[in-house]
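The following exercises concern a ligand site and model confidence. Each task is followed by a solution in steps.

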Amino acid sequence: MPSASSGAQAPDEAVGAASGGLSGGLSGGPAGGPGGDVWTPSQTELERRAYRRSRTTRSALISAVSTLLVGAVVIWLVTSSEGWPRVQETFFNWDKAVESFPAVLKGLWLNIRIMLICGVAIAVLGLTLAVMRTLKGPIFFPLRLFATAYVDLFRGLPLLLVILLLGFGVPALRLPNVTSAAEVWGGVAITLSYSAYVAEVFRAGIESVHPSQRAASRALGLSHGQTLRHVVLPQAVRRVTPPLMNDLVSLQKDSGLIAVLGVVDAIRAAQIETASDFNYTPYVVAGFLFICLTIPMARLTDHVARKQGWHGAGGTL
Amino acid sequence: MTLLSVRGLRKTFGDNVVLDDVHLDVTAGECVVLIGASGSGKSTLLRCVNLLEQVDDGVIELGGVEITDPRVDADEVRSRMGIVFQAYNLFPHLSVLDNVTLAPRRVHKVPRAEAERSAMTMLDRVGLADKAKARPDDLSGGQQQRVAIARAMVNSPQLLLLDEVTSALDPELVGEVLDLLRDLRADGMTMMLSTHEMGFARHVADTVCFLDGGRILEQGPPDEVLGAPREPRTRQFLSRLVS
Ligand SMILES: Nc1ncnc2c1ncn2[C@@H]1O[C@H](COP(=O)(O)OP(=O)(O)OP(=O)(O)O)[C@@H](O)[C@H]1O
Ligand SMILES: [Mg+2]
């Protein structure tokens, strides 16, 4: 492969060099630069553009109308059903929502902090594990073995179990100079578990980079590490960004699991609020807030995925 | 009979005007060769004809039907053409045979056995029948290129587009591909190809087009364009090539 592609380059370069020399002599010639003349689209092109525009408008209209119709039907069905007043009272009570909002929001702040801190730690740990798994050569066998065992272990263990083990287990040891804060050990548990998944995503990305890319890089004299750092990982990370965003969204929701350790996150806060009068509106408030966090992230994921598209030929189809 | 007609074609990438008012007619059974400096837009022209790029202006007609019209089914149009890319673009996850049978089986719904039979005939023709089960990555550049030609030919396209198919090949293989293309032309295949090898152009072309500054500066039989070019720019280009 590398020899073939270098063979393909050779004639190109020869001609490229020649034309470089020529264009210097030609630039003042009568041919003129492309910037000189003003181009106006032809009638055919204008018609094509109008047609494309009308297609876009039409699809936008159709989707708007169908969305409105479906929405109206759903709302009508729900609100006209018999039990609706009781449902509304129990789940969508405005006063209760306003009353519980500050507490739930305060709890949500914990979820957000856990997501952000764990997110960074998971990315670092996951990438390290993935790189360890792709190391070749007998000296690295212990590292490979460790990474493989780690992934097997933490992907197999239920997250809740890890949280309980660390969150209750470590403080029970009463180690000196070791914090027993439930948030910290809950966060550690989430990080351990999630980095096993994320490591596999990274590894898939690393392995999807074509071997000829490594060969090309090594041929330029870059070391194995430099190849990984400057050639393989940038392509791998770009490729797996959408699935990683997916994991981030799911992390944000799973951060609520540390409530089992007794810390007050959004879900626990909502639970406390409902306990007084069996009105479940605070849960709806918490759910609503989580969705408000997720939707921007989902759109960001879409945007990233679309922007990446595909480089070169595939992207235009 | 004119099979392909390009009129006033314009293609830009941002501020870069790559093709500017290109006019070209290809008669059925003809072999048109595009020459020009690197970056002069040969690949872009071929990709526009294959509808892989949306043109910015102008009209392309295939068999008298405008294919640049946004209402036409681009997939159907493409299935009537074969294209071989500068960088082979074989599918690395499929065997050589599956690369060749993919389009017949999925697009033209040819039964597997029949698709494989015609694929083997085609592979035999490019001299690679023994590599049918190999992966593209295990082949040499020239072999990959010949698989790509077999893949483009197996649908019996009306028009075959070839982008620098010989640039990765040794002189012996260039001769082989040249023979293959001559055979195809003798069978009445219409071809449009780009190349940097003037010897190749001279041997296989009915018409040579010299691309420069986004236009076809000069076109005609190889003897005229390559032997006695009218335009000073063409002369300059050709003289730099041999020196
Ligand atoms: N997808 C793209 N985006 C932006 N610019 C592009 C793209 N494809 C081609 N170009 C530009 O269009 C011009 C013509 O490119 P093209 O590949 O058609 O040249 P070529 O004649 O085939 O050259 P070569 O002989 O080296 O293959 C170049 O300046 C190139 O930079
Ligand atoms: Mg090209």
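A polar contact is a pair of N or O atoms within 3.5 Å; within protein, one must be able to donate a hydrogen and the other to accept it, and residues adjacent in sequence count only if both atoms are side-chain atoms. The model is predicted, so local features need pLDDT of at least 70 and side-chain atom pairs pLDDT 80 or more, whereas totals for chains, interfaces and linings use all residues. Residues are numbered from 1 along each chain as its sequence is written, chains are lettered from A and ligands numbered from 1 in written order, and side-chain values use heavy atoms, without hydrogens and water.

**Exercise 1.** Identify the polar contacts of ligand 1 with Gly39(B), Gly41(B) and His196(B).

*Solution.* 
- Step 1: A polar backbone atom of Gly39(B) is 2.8 Å from an oxygen atom of ligand 1.
- Step 2: For Gly41(B), a backbone N or O atom lies 3.0 Å from a ligand oxygen.
- Step 3: His196(B) uses a polar side-chain atom, at 2.8 Å from an oxygen atom of the ligand.

**Exercise 2.** State which chains surround ligand 1.

*Solution.* 
- Step 1: A residue is near a molecule if one of its heavy atoms lies within 4 Å of it.
- Step 2: The site is shared between chains, because residues from chains A and B surround ligand 1.
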